[in-house]
Amino acid sequence: YVKGALPELNDRLCISIVGTRSSSAYGNRIAFEMGYNLAKAGAGVVSGGAIGIDCLSQKGALQARGKTVTVLGAGLNVHYLSANRNLCENVAKSGALISEYPPDFHSARWTFPMRNRIISGLADGVLVIEAAQKSGSLITANLALEQNRDVFAIPGNINSRVSSGTNKLIKICAKPVMSVKDIL
């Protein structure tokens, strides 16, 4: 199910950006900058639209007048992202909201990991910005690896709980990102 116009993702680099809802000021700034700079370079940005890293990356992409897609964990008519309602409307104007669930389907705990496989599957790579040791973002990164996608991560403070997952990803499999050039 789609609201908006699904951009042609096969003709452009497409990067999914995911991370914690409990993001730091640093993570917020980096998410916005990465979304903005990727979109400015012509890449599509995909995310889950959650508060924190997801929505800030999409706000950056929108400000750069780029193409972005939000993959929902509920039906298109269910506003579980009520704090991001304006963002969702703006995404639908310049890209698309998509869901595999019927329009009035309510989210459940299991719908989000299912959604994450689409977030990684639509993209050439997944960028993780601030993620705890156990998080949906790491589920998305693992799905990306299973789907033969690149996995990128922003290094974080080694004493920060919200950077423990991203730092571990860098240690075991992710490409560290210091600027958008590391992805492009």
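Here are some notes on this predicted model, point by point.

1. **Ground rules.** Local features need pLDDT of at least 70 in this predicted model and side-chain atom pairs count only at pLDDT 80 or more, while totals for chains, interfaces and linings use all residues. Residues are numbered from 1 along each chain as its sequence is written, and side-chain values use heavy atoms, with hydrogens and water left out.

2. Eight strands make an open sheet of mixed pairing, in the order 1-5-4-3-2-6-7-8. Its edges are strand 1 (2–4) and strand 8 (175–176), each of which pairs on one side only. Strands here are DSSP runs of E with at least two residues, and helices are runs of H or I with at least four, both numbered from the N terminus. Two strands pair if DSSP finds at least two bridges between them.

3. **Helix 3 on the sheet.** Helix 3 (residues 85–94) packs on the sheet and touches strand 1, strand 4 and strand 5. The direction of helix 3 makes about 110° with that of strand 5. For such angles, axes are lines fitted to C-alpha atoms, for helices over the stretch in contact, and the values run from 0 to 180 degrees between N-to-C directions. Contact means heavy atoms within 4.5 Å.

4. **Strand 3 and its partners.** Strand 2 and strand 3 are parallel, paired over three bridges. Across this pairing, Cys14 stands opposite Gly44 and Ile15 opposite Val45. On the strand 4 side, three bridges again join parallel strands, and there Val45 stands opposite Thr68. Which residues of strand 3 point which way? Gly44 and Val46 point one way and Val45 and Ser47 the other, and all are buried. Buried means under 20% relative accessible area, exposed means over 50%, and partly exposed lies in between (1.4 Å probe, protein chains only).

5. **Crossovers.** Strand 3, helix 2 and strand 4 make a β-α-β unit that is right-handed. The term applies if, with the strands pointing away from the viewer, the path from the first strand over the helix to the second runs clockwise.

6. **Helix 5.** In helix 5 (residues 136–146), the buried residues are Ser137, Leu138, Thr140, Ala141, Leu143 and Ala144.

7. **Two positive phi values worth a look.** Asn148 has a positive phi of about 60° although it is not a glycine. Asn148 sits in the loop between helix 5 and strand 7 and is exposed, with a relative accessible area of 71%. Arg65, also not a glycine, has a positive phi near 65°. Arg65 belongs to the loop between helix 2 (53–63) and strand 4 (68–71), and its 78% relative accessibility makes it exposed.

8. Thr111 lies in helix 4 and is buried at a relative accessible area of 0%. Its side chain reaches the backbone oxygen of Gly73 at 2.8 Å. Leaving aside neighbours within four places in sequence, Thr111 is in contact with Gly73, Tyr101 and Phe105. Thr111 and Tyr101 are ten residues apart in sequence, and their C-alpha atoms are 9.0 Å apart. Ser99 is in the loop between strand 5 (96–98) and helix 4, where it is buried with a relative accessible area of 5%. The side chain of Ser99 reaches the backbone oxygen of Ala74 at 2.6 Å. Not counting residues up to four places away in sequence, Ser99 touches Tyr1, Leu72, Ala74, Gly75 and Leu76.

9. **Cysteines.** How many disulfides does the structure hold? It holds zero, a disulfide being a pair of cysteine sulfur atoms within 2.5 Å. Cys14 is buried, at 1% relative accessibility. For Cys173 the closest cysteine sulfur is in Cys14, 19 Å away and too far for a bond; Cys173 is partly exposed, at 32% relative accessibility.

Notes:
Polar contact = N/O pair within 3.5 Å; in protein donor to acceptor, adjacent residues only side chain to side chain.
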